[in-house]
Amino acid sequence: MSRFWSAVVHGLTPYVPGEQPKIDNLVKLNTNEHPYGPSPRALEAIRSATNDSLRLYPDPNADALKAALAQRHGVQPTQIFVGNGSDEVLAHAFMALLDHERPLWFPDITYSFYPVYCGLYGVAHKTIPLTEDYAIRADDYLPQGHDKAGAIIFPNPNAPTGCLLPLAEIERIVAGNPDAVVLVDEAYVDFGGESAIALVNQYPNLLVVHTFSKSRSLAGLRVGFAVGHPALIEGLERVKNSFNSYPLDRLALAGAVASVEDEDYFQDSCRKVIATREQLVADLATLGFEVLPSAANFIFTRHPQHDAATLAAALRQRAIIVRHFKLARIDQFLRITIGTDAQCAVLVAALKEILAA
Ligand code: PMP
């Protein structure tokens, strides 16, 4: 603590970043990275961009990337904002679009950054409990008399549960809150969800946020983007231009464009993760685990007879790292990232041993 800290910083709860331990032969299933590498075309584009042009600033408007994303998603480039990871895109959305007094509604439980950003940007918020089945219920986000959301944010699928809200339910939330911006954080949507980008041309209050960190296996490159009405995007651009005119560097721009252009690799690698997830869910069920239905590249699970913290610690002793959650509104759960088939087989074998001990 320092006496020079601002009041805002005093109010912030320290965020514990995803764990990146340095252990040999680690089976790392804790931060929802993609188990297979990025598109070889993306890697080649990054290598080719590693040349003398790095002495020059990158394109501040990221025109090539916006054009590629616009084409991929069937929108105009003016409907796209890009940033250094979706966390930064979300930060811009908080600054550009959220009111300080009218509360932002989000689920309890959800992505831990939302309350952190509320603290940082002084945005009031209200949390809405999940249902008994750990799902988001659209009705809970519709105005109730005078109680209306100033804005709404949720991930779809939700994190850390992996549960998916169908597109028709998202549309009910967006249509039912015409005076509130609805931010749909689709970090994990490519592993089995239907993107709300399909609705952006109909609803000027919808902003959909994506990342290259999960389905495109480029967490190390830090690229995220938002899609919405041009007026929402202009708000984000104004913040960006007052903050950092060059959010993406030349290597990130080159790699991201090539990744978007390699649709086959993207589809194949997501399909592989989905198939591995289905196998892992079946294997864990055989061991007696309860697994929430997941449309993400992770699962949320618990064992009725075994404490999740003890299981996580026993796995860690075998150099297998998963996340253990104990939150106010839920019992103990493990969140396990879908790894390769081989990594998941190692995990299942270890759990079998641990349960039998
Ligand atoms: N949203 C959700 C729901 C996430 O889980 C994450 C990753 N932890 C992010 C956004 C941020 O991802 P990134 O900044 O790597 O794009």
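**Helix α7 and the basis of the model**

In helix α7 the buried residues are Leu 232, Ile 233, Gly 235, Leu 236 and Lys 240, where buried means that 20 or more other C-beta atoms lie within 10 Å of a residue's own, exposed that 12 or fewer do, and partly exposed that the count is in between, with C-beta atoms placed from the backbone. These residues cover an arc of only 155 degrees around the axis, which puts them on the same side of α7; the arc is that of the directions from the helix axis to the C-beta atoms.

The model is predicted, so local features need pLDDT of at least 70 and side-chain atom pairs count only at pLDDT 80 or more, while totals for chains, interfaces and linings use all residues. Residues are numbered from 1 along each chain as its sequence is written.

- The twelve residues of α7 (residues 230-241) should span 16 Å at 1.5 Å a residue, and the end C-alpha atoms are 16 Å apart, which agrees; the expected span is 1.5 Å times one less than the number of residues in the helix.
- Helices (H or I, at least four residues) and strands (E, at least two) are DSSP runs, numbered from the N terminus.
- In helix α3 (residues 63-73), the buried residues are Leu 65, Lys 66 and Leu 69. Seen down the axis of α3, these buried residues fall within an arc of 95 degrees, so they line one face of the helix.
- Asp 63 and Gln 71, on the other side of α3, are exposed.
- An α-helix has 3.6 residues a turn, so residues three or four places apart point the same way.

**Strand β6 and its partners**

- Strand β6 (residues 181-185) is largely enclosed by the rest of the structure, because five of its five residues are buried. Val 181, Leu 183 and Asp 185 lie on one side of β6 and Val 182 and Val 184 on the other, and with all of them buried both faces are covered.
- Strand β5 (residues 151-155) pairs with β6 in the parallel sense over five bridges, pairing here requiring that DSSP finds at least two bridges between two strands. Within this pair, Ile 153 has Leu 183 of β6 as its bridge partner.
- From β5 the chain crosses through helix α6 (residues 167-175) to β6 in a right-handed β-α-β crossover; right-handed means that, with the strands pointing away from the viewer, the path from the first strand over the helix to the second runs clockwise.
- Strand β7 (residues 206-211) also pairs with β6 in the parallel sense, over four bridges, and the bridge partner of Asp 185 in β7 is Val 209.

**Strand β8 and its partners**

- Strand β8 (residues 224-228) is mostly covered, with five of its five residues buried. Gly 224, Ala 226 and Gly 228 point one way from β8, whereas Phe 225 and Val 227 point the other way, and all are buried.
- β7 and β8 run antiparallel and are joined by five bridges, with Phe 225 in β8 as the bridge partner of His 210.
- Strand β2 (residues 80-83) and β8 likewise run antiparallel, joined by four bridges; the bridge partner of Phe 81 in β8 is Ala 226.

**The open four-stranded sheet**

- An open sheet is formed by four strands in the order β9-β10-β13-β12, with antiparallel pairing. Its edge strands are β9 (290-291) and β12 (323-326), each of which pairs on one side only.
- Strand β10 (residues 298-302) and strand β13 (residues 332-337) pair in the antiparallel sense over four bridges, and Ile 299 has Ile 336 of β13 as its bridge partner.

**The shell around the ligand**

- The residues around the ligand include Gly 85, Ser 86, Asp 87, Tyr 111, Asp 185 and Gly 224, a residue counting as near a molecule or strand if its C-beta atom, placed from the backbone, lies within 6 Å of it.
- Helix α4 (residues 85-97) contributes the largest share of this shell, three residues.
- By class, the shell has five nonpolar, five polar and two charged residues; Ala, Val, Leu, Ile, Met, Phe, Trp, Tyr, Cys and Pro count as nonpolar, Asp, Glu, Lys and Arg as charged, and the others, Gly among them, as polar.

- Arg 271 is placed in helix α9 and is exposed, with 11 other C-beta atoms within 10 Å. The C-alpha atoms of Arg 271 and Gly 192 are separated by 9.0 Å, the two residues being 79 residues apart along the chain.
- Ile 274 is found in α9 (residues 263-286) and is partly exposed, with 17 other C-beta atoms within 10 Å. Ile 274 and Ala 96 are 178 residues apart in sequence and, C-alpha to C-alpha, 35 Å apart in space.
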